[in-house]
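Here is a short report on a structure. Look at the sequence and the model first, then read on.

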Amino acid sequence: MAESRVHKRDERVAPSDLDLVRRIKAGDEAALAQMIERYHARVYSLSYGVLRNAEDAEESTQDAFLTLYRKIGTFDESKKFFSWFYRVALNQAYSRLRRRKPQARLSISDHLPRFGDDGKFAPLDWPDATVAVEDEASARELARRAGEFIEELPRPYRDVIWMADVEQMPAAEVSEVLGISIPAFKSRLHRARLHVRQRLAEISRPTARKAAAS
Amino acid sequence: MKKKKESPAAAESCHSHGVTCERLVMEALYDFEAGTMPEAERAALERHLSACPPCVRFLDSYRATGRTLRALKPREIPASLARTVFEFVKARCEKK
């Protein structure tokens, strides 16, 4: 008897997102708890990417799930739940960010590698586009600065690089969440990467110069 | 220490396959790294890389940037976050 109960429990399949959505719509608190358990870490991480602060990310996560609960009736069940919910979470995080401080943004073309008419790297006057960023500072400091450089990007680039390169989400998921085509995803991600790489190279350069001089 | 100067022969071969540093970096690098590039095009880029030390160094730093970005993901999610969120939502909805 006991054995058969165990067997039954093993066969239980985790409910799909859609199952949970329907149960939440019907007012089932246990389904809400399951949904929170399933997504809270990913929503926190996504919010952290926008806000760069643990306390704000936590509060933004709370707001995202509150919005989920209040607006679940508007969710179109023919669509993927995670795409809808990620957009909700991103909007919550940006709304909190707007309340927090005015945003200084750079243009995506401000910090990209430059080339001469012959297509070769432009010499001098421009940060060494070829510097090996990892050689010049500790990994922790580099990661902290990389976070700042992502923060200065325009939002379309910032969202893509955070989801794809930090969260390691597949291209198709990121494109779906942001409602953009795969070519647009690729182009934004590549430019955002070039921006962060270039900025890291810029801060590495004085150290490289010192090392070369000694 | 003095930097080694690129030889004229290397500079020549660097641009002799219709691939420039600019094209490699600005247009082709994403697909090259993602492995989503036709084989012939990939071979042309590899030939360029084999003769172009600046592009090799650029590629190394592009990859290093990717590793740095992966390290940005918050490792610690507050332990009680799921419970806090659930209680927050419940309290806010009961108030209404």
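## The contact between chains

Two residues are in contact if their C-beta atoms, placed from the backbone, lie within 7 Å. The contact takes 35 residues from chain B and 44 residues from chain A. α4(B) gives the most to the side of chain B that touches chain A, with 12 residues. By class, that side has 22 nonpolar, six polar and seven charged residues. Ala, Val, Leu, Ile, Met, Phe, Trp, Tyr, Cys and Pro count as nonpolar, Asp, Glu, Lys and Arg as charged, and the others, Gly among them, as polar.

## How to read the model

This is a predicted model: local features need pLDDT of at least 70, side-chain atom pairs count only at pLDDT 80 or more, and totals for chains, interfaces and linings use all residues. Residues are numbered from 1 along each chain as its sequence is written, while chains are lettered from A and ligands numbered from 1 in the order in which they are written.

Helices (H or I, at least four residues) are DSSP runs, numbered from the N terminus.

## Helix α5 of chain A

The 20 residues of α5(A) should span 28 Å at 1.5 Å a residue. The expected span is 1.5 Å times one less than the number of residues. The end C-alpha atoms of α5(A) are 29 Å apart, which agrees.

Buried residues of α5(A) include A:W84, A:F85 and A:V88. A residue is buried if 20 or more other C-beta atoms lie within 10 Å of its own, with C-beta atoms placed from the backbone. The buried residues of α5(A) pack against α3, α4, α7 and α8 of chain A.

Notes
Helices (H or I, at least four residues) and strands (E, at least two) are DSSP runs, numbered from the N terminus. A residue is buried if 20 or more other C-beta atoms lie within 10 Å of its own, exposed if 12 or fewer, and partly exposed in between; C-beta atoms are placed from the backbone.
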